[in-house]
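Visitor: Could you walk me through a few of the contacts in this one? I have it open.
Guide: Gladly, let us take them one at a time.

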Amino acid sequence: QVQLVESGGGLVQAGGSLRLSCAASAKIVRLNVMGWYRQVPGKQRELVANITSGGTTNYVDSVKGRFTISRDNAKNTVYLQMNNLKPEDTAVYYCRAWGTILGQPLNSWGQGTQVTVSS
């Protein structure tokens with residue numbers, strides 16, 4: 001099973017920035033879809049952004065123009081740069097990898113990192 005470890009969360013004022021990192025334990029970042037999700041208590045986990053093996057990126061409308069997903073294949077790491085943060089961005093952010101690894105299905109989640117945006 002592939003391990004994903006997130007870091008970079010914290011407390012920031014509205015308008016500030018944070019960069020989340022997701023380090024994978026195997027060389028999967030280049031070959032699979034990597035995504036960032038977020039969840040607040042009482043709500044479903046929602047997809048924030050993802051990046052495909054071909055480099056195509058997708059964003060939920062509420063973060064377009066403010067968040068950027070990227071990856072460093074050499075470091076097996078995916079990033080989420082979050083700018084102009086808003087209080088409604090407060091959530092636990094999770095990294096996810098899905099696709100295949102060595103011919104087997106892959107669907108791994110990280111443990112989550114808290115992002116809190118104060119007004």
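Visitor: What is Leu4 in contact with, leaving aside its neighbours within four places in sequence?
Guide: Among its partners are Cys22, Ala24, Met34, Cys95, Trp109 and Gly110, where contact means heavy atoms within 4.5 Å. This is a predicted model, in which local features need pLDDT of at least 70 and side-chain atom pairs count only at pLDDT 80 or more, while totals for chains, interfaces and linings use all residues. Residues are numbered from 1 along each chain as its sequence is written, and side-chain values use heavy atoms, with hydrogens and water left out.

Visitor: And which residues touch the most other members of the largest nonpolar core?
Guide: Of its 28 residues, Leu4, Met34, Trp36, Leu80, Met82 and Tyr93 do; such a core is a set of buried Ala, Val, Leu, Ile, Met, Phe, Trp, Tyr and Cys residues joined through side-chain atoms within 4.5 Å.

Visitor: Switching topic, how many salt bridges are there?
Guide: The whole structure has four, counting a side-chain nitrogen of Lys or Arg within 4 Å of a carboxyl oxygen of Asp or Glu. In one of them Glu46 pairs with Arg38, with the closest N and O atoms 2.7 Å apart, and in another Arg66 meets Asp89 at 2.8 Å, N to O.

Visitor: Are Arg66 and Asp89 buried or exposed?
Guide: Both are buried, meaning under 20% relative accessible area, with exposed being over 50% and partly exposed in between (1.4 Å probe, protein chains only). Glu46, by contrast, is partly exposed at 31%.

Visitor: What links these residues?
Guide: Arg38, Glu46, Arg66 and Asp89 are joined in a network of salt bridges.
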